[in-house]
Amino acid sequence: MQVDINENERLDDLELKGLKIIQNPGKFCFGIDAVLLSDFVKVKQGEIVLDIGTGTGIIPLLLSAKTAAGHIKAVEIQPDMADMAKRSVFYNDLQEKIEIICNDIKRADDFIKKSSVDVVVSNPPYIKSSHAIVNPKDSLGIARHEIACTLEDIVSAASNMLKYHGRFYMIHKAHRLTEIACKMREYKLELKRLRSIHPFADKPAKMVLIEGVKQANPWLDIDPPLIIYKTGAVYTEEIIKIYGK
């Protein structure tokens with residue numbers, strides 16, 4: 001399908017089933033965290049998925065190729081990012097499977113039926129807005145800092161949208177794990193699976209991958225740690241496998 005690529009944008013090859021994504025390097029481009037999250041997420045045949053804060057739509061694109069999801073809704077508050085995501089969906093002819101919604105997740109009740117989603121995914125802003133001075137209109141700032149939505153906003157929306165025993169997946173900073181687990185339990189999302197992400201085997205975890213289940217009993221499985229690099233900038237075999245190279 002013919003799709004316009006605007007000035008300063010580029011078309012990146014995802015090297016997965018021919019998929020490509022439109023991005024603007026001057027705004028925000030996806031990183032390894034989105035790739036790791038999409039690999040961690042489990043989606044069953046025909047399930048409905050909601051991606052909160054989709055950016056340029058990387059996670060819906062990856063999940064469309066890696067899973068048997070029936071339909072993927074993706075919410076993005078920034079119009080320019082949502083526009084790139086929509087054009088990427090059309091470029092890959094996935095408009096029947098992926099729906100990009102430009103709106104505020106805090107108003108999710110207005111455009112998504114409550115308790116209608118099987119899986120919620122989020123690669124959210126990691127940094128509390130109080131920790132740095134950020135331009136509230138800056139795309140990078142909104143993507144990285146809790147300006148447009150907070151951790152509580154995401155967890156609350158996930159709980160509202162998920163069906164009973166629906167699953168919530170998120171990647172986040174390791175140092176916020178206690179806060180995340182407490183906030184999830186407050187909104188009836190029980191932390192059920194955890195995987196720590198380490199830059200090197202002998203270094204502390206920087207990130208965590210999280211799976212929670214709505215209204216589940218307490219029980220936590222901890223996966224083996226995920227190591228990014230062997231030495232220097234050389235990826236481990238597992239990371240290479242996740243990237244599909």
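This is a predicted model: local features need pLDDT of at least 70, side-chain atom pairs count only at pLDDT 80 or more; totals for chains, interfaces and linings use all residues.
Most residues other than glycine have a negative phi. Lys-17 is not a glycine, yet its phi is positive, at about 55°. Its relative accessibility is 68%, so Lys-17 counts as exposed.

Select Asp-93 next. This residue is in the loop between helix 3 (79–91) and strand 5 (98–102). Asp-93 also has a positive phi, near 55°, without being a glycine. With a relative accessibility of 53%, Asp-93 counts as exposed, because the cut-off for that class is over 50%.

**Second stop: helix 3**

Helix 3 consists of 13 residues and reaches 18 Å from its first C-alpha to its last, close to the expected 18 Å. Its buried residues are Met-81, Ala-82, Met-84, Ala-85, Arg-87, Ser-88 and Val-89. To see what covers these buried residues, display strand 2, helix 2 (58–66), strand 4 (71–76) and strand 5, which are among the covering elements.

Two packed helices are described by the angle between their axes and the distance between the axes. Select helix 1 (residues 32–40) together with helix 2: the two pack at an angle of about 35°, and their axes are 10 Å apart. Their crossing is right-handed. On the side of helix 1, the meeting residues are Ala-34, Val-35, Leu-37, Ser-38 and Asp-39; on the side of helix 2, they are Ile-58, Ile-59, Leu-62, Leu-63 and Lys-66. By class, this contact holds seven nonpolar residues, one polar and two charged.

In soluble globular proteins, nonpolar side chains tend to be buried together. The largest nonpolar core here has 38 residues, and those touching the most other members are Leu-37, Val-41, Val-49, Val-121 and Ile-197. Helix 2 contributes the most to this core, with six residues.

Centre the view on Leu-37. Leaving aside residues up to four places away in sequence, Leu-37 touches Ile-59, Val-121, Ser-122, Asn-123, Tyr-169, Met-170, Ile-171 and Leu-209. There is also a second, separate core of 27 residues, including Ile-154, Leu-162, Ile-180 and Leu-194.

Select helix 5 (residues 151–161) and helix 6 (residues 177–186). These helices pack at an angle of about 40°, with 9 Å between their axes, and the crossing is right-handed. Helix 5 makes the contact through Leu-151, Glu-152 and Val-155, while helix 6 brings Glu-179, Ile-180, Lys-183, Met-184 and Glu-186. The contact comprises four nonpolar and four charged residues, and no polar ones.

**Last stop: His-172**

Is His-172 buried or exposed? Select the residue in strand 7 (residues 162–173). Its relative accessible area is 0%, so His-172 is buried. Display its contacts, not counting residues up to four places away in sequence: Pro-124, Pro-125, Tyr-126, Leu-151, Ile-180, Lys-206, Met-207 and Val-208. Among these, Leu-151 and Ile-180 were met at the previous stop, in the contact of helix 5 with helix 6.

Definitions and conventions:
Residues are numbered from 1 along each chain as its sequence is written. Side-chain values use heavy atoms; hydrogens and water are left out. Axes are lines fitted to C-alpha atoms, for helices over the stretch in contact, and angles run from 0 to 180 degrees between N-to-C directions. Helices (H or I, at least four residues) and strands (E, at least two) are DSSP runs, numbered from the N terminus. A crossing is left-handed if the near helix is turned anticlockwise from the far one by less than a right angle, and right-handed if clockwise. Contact means heavy atoms within 4.5 Å. Ala, Val, Leu, Ile, Met, Phe, Trp, Tyr, Cys and Pro count as nonpolar, Asp, Glu, Lys and Arg as charged, and the others, Gly among them, as polar. Buried means under 20% relative accessible area, exposed over 50%, partly exposed in between (1.4 Å probe, protein chains only). The expected span of a helix is 1.5 Å times one less than its number of residues. A nonpolar core is a set of buried Ala, Val, Leu, Ile, Met, Phe, Trp, Tyr and Cys residues joined through side-chain atoms within 4.5 Å.
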